[in-house]
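Subject: Structure handover

Dear colleague,

I am passing on a structure that you have not worked with before, together with an account of what was found in it. Please have the sequence and the model open while you read.

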Amino acid sequence: MTKTSQELKIEYAEFLNTLGIQSLRSLGREVGVNNPTKNKTKAGLIELIIAILVGELAPTERTNRGAPVKAEAVNAKILLRLREIGGSTLDEILKRQKDIDALDQEIQKAQENKNVISVRASKPSEPFMDTVFVGQIVQKGSYASLYLLDNSQLELPIIIDFEMMAEYNLKEGDIISCHLKKKEGFCKVTEIFMINEVLVSDHRRQNFDLAEISFEKQSISIPSNKFISWFFPIVKGGRSLIVSPSKAGKSNLLKDVCVGLKANQGVKTFVLLLEQQRENIFQFQELLSKDELVYTTYEQDVEEHVALAELILNRAKSYAETGKDVVLLVDGLLSFAKAYDECTAVDGKMLSSGLTSKTIRYIKKFLSSARNFKQNGSLTLVCTTPIQTGNPDDDLFFAEISALFETIIRLDSDLAKKRVFPAIDFKNSFSSLALEHIKEMENESVISCVVNSGSYEDFISKIK
């Protein structure tokens, strides 16, 4: 069925609005827009390109006069999408500009990955106009910078204009895909394509602190661990805490939860590992991408522990604002508290846990970030902290924060020594949704036996 001129305009506009200004200028030069670089606004350039594509404006003949242009080549995948919308009309326009057979070869090559509009990499000595960078926005006093996630070897600082942040409704914690351009002593963001994995044209957000909160309890599926799903369900916007003595398996249980969350396509997972051993970090690196994992080791300064914790929290908040269900796993809540306490050692009254009152308030503020929005989106926290380590301060810290959690999973070192995994102490663990789930289970008699008698080993042998 032949499309009308108005239908073509709408489809062209929807696609072209997803492109950056440099890609539009290259495309405009390709289809015959007169002096595309003089069209300063994106909307004006799109209007001229569409007018040529639908036949309302004659394309300008291309000349070789003047200085060579920057980033001349247009991506073949863009041409492929335009051909899909308008049929052979694009071929007729491009015949005078370039060999149509060469275009066919480019498009055929592009069809191998037609769903991704990528750009060619530039040489190190050239501006970065054609290379896509992915990074997180970080506020630094009077300006904003970009913390790169996929190219940490870039030595120059990256600056973002506040005008651009206001135009795209950006804030600290957002992850953007963008173009950079080298300036004297720094790089500048010139175009933005995606914000928090959403195209700029489709990006919508709600204010994290002002959005209306829903108290409806919706559990998140954890297919990798039936014990968590049955007895200690993780709910959207909830807070869960795993506590255990040393070597009882809390990090392994957290990794098992992470595996289940990664298998759940409706959930975005982030992990924060604080003061961890390299082996533990490597296990999570195999599961997660660079933007999903933030970690520190014993060698790093306490200021870095706190900065990275706030970085990943802001990242999780930004995703939740766009309507996504986000789960943040934190391994080392006590290490985080001690790092913050060391940074602000002179402030606040010292409590029985060995930490200042300011530190406890800060940790409670961090934990209170968990919430479920009525208009879609949620942030869920799953944390770990040690107990029964021989240091009474650790138990007192747990007592300070335990009231904030709806679910507390306590592990037993005696079960861990018997090679039982997960070594959950049912008698001393708690979940606000446990009773509701127990009533729904078909093997209610077996479960009640476990809860009442604590015969966990017998239970495992029966259901395995």
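Two strands are said to pair here if DSSP finds at least two bridges between them, and that definition is needed for the strands described next. Please also keep in mind throughout that this is a predicted model.

Strands around S5

Strand S5, which covers residues 187–195, pairs with strand S4, residues 175–182, in the antiparallel sense, and seven bridges join the two. Within this pairing, the bridge partner of His-179 in S5 is Glu-191. S4 and S5 form a hairpin with four residues between the strands, and in that hairpin Gly-185 takes a positive phi near 90°.

S5 also pairs with strand S3, residues 158–160, but here the strands run parallel and are joined by two bridges; Ile-159 has Lys-188 as its bridge partner in S5. A further pairing, antiparallel and again over two bridges, links S5 to strand S6, residues 198–199, and there Ile-195 stands opposite Val-198 in S6. S5 and S6 make a hairpin with two residues between them, and Asn-196, which is in the turn, has a positive phi of about 50°.

The largest pocket

The largest pocket holds about 880 Å³ of space. It is lined by 32 residues, of which Ser-246, Lys-247, Lys-250, Ser-251 and Gln-276 are the closest to its centre. The elements that contribute two or more residues to this lining are helix H9 (250–263), helix H10 (278–285), helix H12 (333–343) and strand S12 (378–386), and H12 gives the most, with four residues. By residue class, the lining of the largest pocket divides into ten nonpolar, 14 polar and eight charged residues.

Lys-247, already named among the residues closest to the centre of the pocket, lies in the loop between strand S7 (239–244) and H9. Although Lys-247 is not a glycine, it has a positive phi of about 65°. Is Lys-247 buried or exposed? Lys-247 counts as exposed because its relative accessibility is 79%, where the cut-off for exposed is over 50%.

Two further loop residues

Gln-388 lies in the loop between S12 and helix H14 (392–401), and this residue likewise has a positive phi, of about 50°, without being a glycine. With a relative accessibility of 51%, Gln-388 counts as exposed.

Pro-422 is found in the loop between helix H15 (413–417) and strand S14 (430–431). The peptide bond that joins Phe-421 and Pro-422 is cis, with an omega of about -5°.

Ala-320 and Arg-205 are 115 residues apart in sequence, while the distance between them in space is 8.6 Å, C-alpha to C-alpha.

With best regards

Technical notes. Residues are numbered from 1 along each chain as its sequence is written. This is a predicted model: local features need pLDDT of at least 70, side-chain atom pairs count only at pLDDT 80 or more; totals for chains, interfaces and linings use all residues. Side-chain values use heavy atoms; hydrogens and water are left out. On a 1 Å grid over the protein atoms alone, a cavity is a set of points where a 1.4 Å probe fits but cannot get out, and a pocket is an open set with protein on both sides within 12 Å along at least five of seven lines; lining residues have an atom within 4 Å of a point. Grid points are joined across faces, edges and corners, and a volume is the space filled by probe spheres set on the points. Ala, Val, Leu, Ile, Met, Phe, Trp, Tyr, Cys and Pro count as nonpolar, Asp, Glu, Lys and Arg as charged, and the others, Gly among them, as polar. Buried means under 20% relative accessible area, exposed over 50%, partly exposed in between (1.4 Å probe, protein chains only).
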